[in-house]
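Visitor: Hi, I've got a model open and would like to talk it through. Can you help me read it?

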Amino acid sequence: MLAGILVVNAVTVTLTVTGAMVQDETEKRLMAFYVKPVSRVKLSLGYILAAWVVGTGMCLLTLAADLCFEIRKRKAGCIH
């Protein structure tokens, strides 16, 4: 069950964060970044890196929460 939750987290969180770039483009907020001396490739890599960091963080947080739950379950003797 944990594997499925981690897969769903990995996909949905990263797609949601990447969707911020699409939203910035449609609302013309991205145009403000294009006048800066930063290349479009670096700007795109920044969005991708942010999605990776947030996705990894959420997966690690989910994994840690599950491990804490499993440890508490074992200490309570609720192993089936």
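Visitor: In which hand does α1 pass α3 at their crossing, left or right?

Guide: The crossing of α1 past α3 is right-handed. A crossing gets that name if the near helix is turned clockwise from the far one by less than a right angle, and left-handed if anticlockwise. Before we go on, this is a predicted model, where local features need pLDDT of at least 70, side-chain atom pairs count only at pLDDT 80 or more, and totals for chains, interfaces and linings use all residues. Residues are numbered from 1 along each chain as its sequence is written, and side-chain values use heavy atoms, with hydrogens and water left out.

Visitor: What counts as a helix here?

Guide: Helices are DSSP runs of H or I with at least four residues, numbered from the N terminus.

Visitor: OK. At what angle do the axes of α1 and α3 cross?

Guide: Roughly 150°, with the axes coming within 9 Å of each other. Here α1 covers residues 2-26 and α3 covers residues 40-75. That angle makes α1 roughly antiparallel to α3; the cut-offs are under 35 degrees for roughly parallel, over 145 for roughly antiparallel, 65 to 115 for roughly perpendicular, and oblique for the rest. The axes are lines fitted to C-alpha atoms, for helices over the stretch in contact, and the angles run from 0 to 180 degrees between N-to-C directions.

Visitor: Which residues of α1 meet α3?

Guide: On the α1 side they include L2, I5, L6, N9, V13 and V17. They meet a set in α3 that includes S44, Y47, A51, M58, C59, T62 and L63. Contact means heavy atoms within 4.5 Å.

Visitor: How many nonpolar, polar and charged residues are in that contact of α1 with α3?

Guide: The contact of α1 with α3 has 15 nonpolar, 6 polar and 2 charged residues. Nonpolar is Ala, Val, Leu, Ile, Met, Phe, Trp, Tyr, Cys and Pro, charged is Asp, Glu, Lys and Arg, and the others, Gly among them, are polar.

Visitor: Let's zoom in on T62. Buried or exposed?

Guide: T62 counts as buried, at 18% relative accessibility. Buried means under 20% relative accessible area, exposed over 50%, and partly exposed in between, with a 1.4 Å probe and protein chains only. T62 sits in helix α3 and touches L2, I5, L6 and N9, leaving out residues up to four places away in sequence.

Visitor: Which residues of α1 are buried?

Guide: N9, V13 and D24. What covers them includes α2 and α3.

Visitor: How far does α1 reach from its first C-alpha to its last?

Guide: α1 reaches 36 Å with its 25 residues, close to the 36 Å expected. The expected span is 1.5 Å times one less than the number of residues. For α3, 36 residues should span 52 Å, and its end C-alpha atoms are 53 Å apart, which agrees.

Visitor: New topic: what's the phi of K28?

Guide: Near 60°, a positive value in a residue other than glycine. Most residues other than glycine have a negative phi. At 59% relative accessibility, K28 counts as exposed.

Visitor: What about E27, where is that?

Guide: E27 is in the loop between α1 and α2. At 42% relative accessibility, E27 counts as partly exposed.

Visitor: Last one: what follows α3?

Guide: G77 does, and its phi is positive, near 75°.

Note on methods:
Helices (H or I, at least four residues) and strands (E, at least two) are DSSP runs, numbered from the N terminus.
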